[in-house]
Amino acid sequence: MRADDPAIFDAVVIGAGFGGLGAAVALAERGARVALVESLTYPGGCASTFRRGGYRFESGATLFSGLAPGQLFGDWIARHHLDVTVDWLDPLVELRTPDLHLEVGRDRDAFLARLAALPGAPAPQIKGFFAYQRRIADTLWSVFEDPAMLPPLSASTLLRHVARIPRYAALLPLLGRPLTAVLARFGLEGFAPLRQYLDGLCQITVQCSAAEAEAPFALATMDYYWRGTGHVRGGIGNLAEALLGAVRTLGGEVRLASRVKAITPIGGGHQVDTRTGPLHARHVIANLLPADLQSLLDPGYGRVPRLAGLGAQVATGWSAVMLYLVARAPEGASPGPHHLEIVQDPGQPLTLGNHLFVSISGAADEGRAPAGHRTITVSTHVPLEAHRGLSKDAQAEYFAGIQAKMREGLARFAPEWTAGVVHAMTASPRTFQRFTGRAAGAVGGIPRRRGLGQYLTAFPRAILPGLWMVGDTVFPGQSTLATAIGGTRVAAAVAADLGLGAAALAPRRVPI
Ligand SMILES: Cc1cc2nc3c(=O)[nH]c(=O)nc-3n(C[C@H](O)[C@H](O)[C@H](O)COP(=O)(O)OP(=O)(O)OC[C@H]3O[C@@H](n4cnc5c(N)ncnc54)[C@H](O)[C@@H]3O)c2cc1C
């Protein structure tokens, strides 16, 4: 395969989820010849906006970080003049449980003051815990978000790492420990409101409870609400579409409705067979789950033990059950988009309809619902292992039971919205499998449960020569921003291999 043959792409990216979009934009920015192929007619995957019955719904992800200037999406919006409007939310989310109503606002200090003013709150310990959390989060994010900090490292980057050694040392006692151990160190293990807040936050970020979460990851993602977090006007699909546009403007080829059917090794590169014809590339970047990538690989690649290992970790994770609603906005409802986190029983695991993330569109989200109405996306976590072996009928019954519990929770904790519902649809892991092609409908990536093994995959590594993965199973994974960052990290490694390593991208400072 000749590198200068114009029929050969430097990289074919399979899947226009945010992992694939991140990789494609970052490679195209470096001047690589890129093709991005997607099986659906629209981009975004689990973070897309779909049309149904005259409405537009967020399919899965609803609240996004990294949108501020100086952060990944904020920089892309500015650098590529993307037609994307960000609405900054306040509050970002409202936690509703039987005995707690806590608003998480844009002002971190005001939120901490609210937490410290709750009855029985140990205020100095809360202050100390969050100051410590911020230090750890800053250290980790400065590594994750800076493409220059990835291997292969230049001499100046190595020097920057060396200068940071005292800060990295603070991480050592945390490795392999759960977040609750840090809470205990600050004497906060018995303060129920903080524990409820953190359990909910951990479930939606690192995909497990605070008692299970690997502490450094959990402390880093505890910044989630304050790291350029907001709402993409009209739906996240607008950002995904705009990023596709950026790939095209930078000279990349985009093929929608072009499902990849097979990947075959040829002459030092790869052939990617798509519904719209074959493509040839030196590198293939798969925005797919391990099992789905394995099923596309020609037997000529041989056995790929790493895919089997990653697949086993995915199986310990989650699928999602969903409600999509259209409701009349209640009297006095704020015109802005709104997010509720509902915990029906804080004593039970935050899964199976006991925990709901409820996202309500804003009045300015044109085209999502008729005037005076809003669309609402409601999700809950379901363990993959609970429905994997069930028959189709048994699965349908199981998911319907979870949806009934979700409706009960909504009626109890968000009656102002359920009173005005005019249209309702449901979705299950089978829906995710059908639309995004994800085996068994697995979503959310690999839970970051405590253990040193979590760090083994921290730096991008090819699965096979010239064959890479991006997406939520690839570090840092777990959110729209994290998958896009993972995509840019893989792009940096691929660009280095292509001799395009000297990126024109300045390292970003990361404001909170
Ligand atoms: C219910 C739910 C709520 C969430 N809430 C949030 C949130 O509020 N904020 C947040 O940041 N994150 C949230 N997330 C997580 C976030 O959505 C994911 O981490 C992220 O979108 C995953 O992106 P990805 O690139 O890994 O994969 P995907 O989004 O699955 O993208 C993969 C793409 O590949 C395409 N594809 C699959 N097979 C093929 C093939 N053979 N050929 C071509 N194309 C193919 C698919 O159609 C898809 O577009 C949520 C996720 C879910 C499920």
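Analyst: A residue counts as buried if 20 or more other C-beta atoms lie within 10 Å of its own. In this predicted model, Gln478 has 23 other C-beta atoms within 10 Å and is therefore buried.

User: Where does Gln478 lie, and what is its phi near?

Analyst: Most residues other than glycine have a negative phi, and most peptide bonds are trans. Gln478 has a positive phi, near 80°, although the residue is not glycine. Gln478 belongs to the loop between β18 and α17.

User: Which peptide bond is cis in the loop that holds Pro476?

Analyst: The bond that joins Phe475 and Pro476 is cis, with omega about 0°. Pro476 is placed in the loop between β18 (467–469) and α17. Another cis bond runs from Asp90 to Pro91, where omega is near 5°. Pro91 sits in the loop between β5 (86–87) and β6 (93–97).

User: Is Gln207 buried or exposed?

Analyst: Gln207 is buried, because 26 other C-beta atoms lie within 10 Å. Its phi is also positive, near 65°, and its place is the loop between α8 (192–205) and α9 (215–221).

User: Which residues touch the most other members of the largest nonpolar core?

Analyst: In soluble globular proteins, nonpolar side chains tend to be buried together. Here the largest nonpolar core has 144 residues, and Val12, Leu27 and Val34 touch the most other members. The largest share of this core comes from α17, with ten residues. Among the residues that Val34 touches are Phe9, Ala24, Leu27 and Val247.

User: Where does the ligand lie relative to domain 1 and domain 3?

Analyst: Domain 1 (8–47 + 68–85 + 232–314 + 444–497) and domain 3 (318–441) both give residues to the shell around the ligand, so the ligand lies between them. The ligand is surrounded by 38 residues, of which the closest are Gly15, Gly17, Gly19, Gly45 and Gly471. By class, the shell has 15 nonpolar, 18 polar and five charged residues. Both α1 (18–29) and α17 (480–497) supply at least two residues of this shell.

User: How many residues of domain 1 are in contact with domain 2?

Analyst: 21 residues of domain 1 are in contact with 18 residues of domain 2. On the side of domain 1 that touches domain 2, α17 gives the most, with six residues. That side has ten nonpolar, seven polar and four charged residues. The centres of domain 1 and domain 2, taken over C-alpha atoms, are separated by 28 Å.

User: What surrounds Phe57, and is it buried or exposed?

Analyst: Phe57, in strand β4 (residues 55–58), is buried, because 27 other C-beta atoms lie within 10 Å. The residues it touches include Thr49, Phe50, Tyr324 and Thr377. The C-alpha atoms of Phe57 and Gly234 are 9.5 Å apart, although 177 residues separate these two along the chain.

Note on methods. Residues numbered from 1 in each chain as written. Predicted model: local features only at pLDDT ≥ 70, side-chain atom pairs only at ≥ 80, totals over all residues. Helix = DSSP H or I, 4+ residues; strand = E, 2+ residues; numbered from the N terminus. Buried ≥ 20, exposed ≤ 12 C-beta atoms within 10 Å, placed from the backbone. Contact = placed C-beta atoms within 7 Å. Near = placed C-beta within 6 Å. Nonpolar A, V, L, I, M, F, W, Y, C, P; charged D, E, K, R; others polar. Domains from an automatic or database assignment. Core = buried A, V, L, I, M, F, W, Y, C linked by C-beta atoms within 7 Å. Lists of a residue's contacts leave out its neighbours within four places in sequence.
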